[in-house]
Amino acid sequence: MVPPTAPLEALDEGATLDLRDADREVAIAHIFDQHYTRLLRLAVLLGAEQDAEDLVSEAFYQLHRRWEKLQTPEAAASYLRSIVCNLARMRIRRIKVIRRHTYQVPDELVRSAEQQVLLNHDQRELVAALRTLSSRQRQVLVLKYWLDLKETEIAETMKISVGAVKSHTARGMAKLTGLVKGADR
């Protein structure tokens with residue numbers, strides 16, 4: 001085990017950090033190294049677009065603020081996913097309100113360099129199809145098929161029932177199937 005005061009550079013690739021013994025900054029830095037890219041991709045897939053990095057940064061800030069309230073440090077990844085999902089949902093709501101009250105010229109979306117790297121061409125088509133789903137359906141499908149979470153983990157992350165997870169999954173997949181079949185014609 002690595003001593004809690006050891007810098008992260010001291011960790012070998014195979015070494016693990018016992019988060020219970022580590023101080024908050026070292027533990028969060030370790031969690032950041034492990035989960036940042038996945039959380040960034042999650043935010044992009046949930047519709048955060050240009051704000052993905054800001055949402056993930058905010059999630060880590062919230063984790064730092066509430067570190068003592070975590071039941072176990074191992075719950076941090078789940079907590080971060082919940083925050084990213086909630087922030088993405090709030091961002092989409094805010095954008096809808098703004099769009100309702102402003103005139104928009106229909107231009108092609110400009111993607112950041114990070115988004116271009118994260119999403120290949122075939123993935124962009126899937127992301128475009130995902131954007132047509134409701135935010136709940138999109139979140140459930142991304143958490144289930146991209147992060148490979150179990151229904152109970154998804155329910156915990158999104159603060160909904162397992163039955164709602166199943167319902168959103170079925171409806172989202174039905175809509176995506178219709179879109180993909182329609183695009184193949």
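1. Lysine 159 is an exposed residue of this predicted model, with a relative accessible area of 64%. The threshold for "exposed" is over 50%, which is why a value of 64% places lysine 159 in that class. Lysine 159 belongs to the loop between H7 and H8. Its backbone also deserves attention, for lysine 159 is not a glycine and yet has a positive phi of about 60°. As background, a negative phi is found in most residues other than glycine.

2. Is aspartate 148 buried or exposed? Aspartate 148 counts as exposed, because its relative accessibility is 64%.

3. The overall architecture is helical. The chain contains eight helices and zero strands, and its pattern along the sequence is α-α-α-α-α-α-α-α. Of contacts between residues at least 6 apart in sequence, 59% connect residues at least 24 apart.

4. Of its 185 residues, 41% count as buried. The chain exposes about 11400 Å², and 53% of that area is supplied by carbon and sulfur atoms.

5. The largest nonpolar core has 42 residues. Which of its members touch the most other members? They are Leu42, Phe60, Leu63, Trp67 and Leu143. Two or more residues of this core come from each of H1, helix H2 (52–65), helix H3 (76–101), helix H5 (121–130), H6, helix H7 (151–158) and helix H8 (162–184). H1 provides the largest share, nine residues. In general, nonpolar side chains of soluble globular proteins tend to be buried together.

6. Leaving aside residues up to four places away in sequence, phenylalanine 60 touches Ile28, Ile31, Phe32, Tyr36, Leu39 and Leu80.

7. Helix H1 (residues 24–45) and helix H6 (residues 135–146) meet at an angle of about 145°, and their axes lie 10 Å apart. Their crossing is right-handed. On the H1 side the contact involves Arg38, Arg41, Leu42 and Leu45; on the H6 side it involves Arg138, Val142, Leu143 and Trp146. These residues comprise five nonpolar, three charged and no polar ones. Leu42 and Leu143, both part of this contact, are also among the core residues that touch the most other members.

Methods: Residues are numbered from 1 along each chain as its sequence is written. This is a predicted model: local features need pLDDT of at least 70, side-chain atom pairs count only at pLDDT 80 or more; totals for chains, interfaces and linings use all residues. Side-chain values use heavy atoms; hydrogens and water are left out. Axes are lines fitted to C-alpha atoms, for helices over the stretch in contact, and angles run from 0 to 180 degrees between N-to-C directions. Helices (H or I, at least four residues) and strands (E, at least two) are DSSP runs, numbered from the N terminus. A crossing is left-handed if the near helix is turned anticlockwise from the far one by less than a right angle, and right-handed if clockwise. Contact means heavy atoms within 4.5 Å. Ala, Val, Leu, Ile, Met, Phe, Trp, Tyr, Cys and Pro count as nonpolar, Asp, Glu, Lys and Arg as charged, and the others, Gly among them, as polar. A nonpolar core is a set of buried Ala, Val, Leu, Ile, Met, Phe, Trp, Tyr and Cys residues joined through side-chain atoms within 4.5 Å. Buried means under 20% relative accessible area, exposed over 50%, partly exposed in between (1.4 Å probe, protein chains only). Accessible areas come from the Shrake-Rupley method with a 1.4 Å probe; for residues, only the protein chains shown count as cover.
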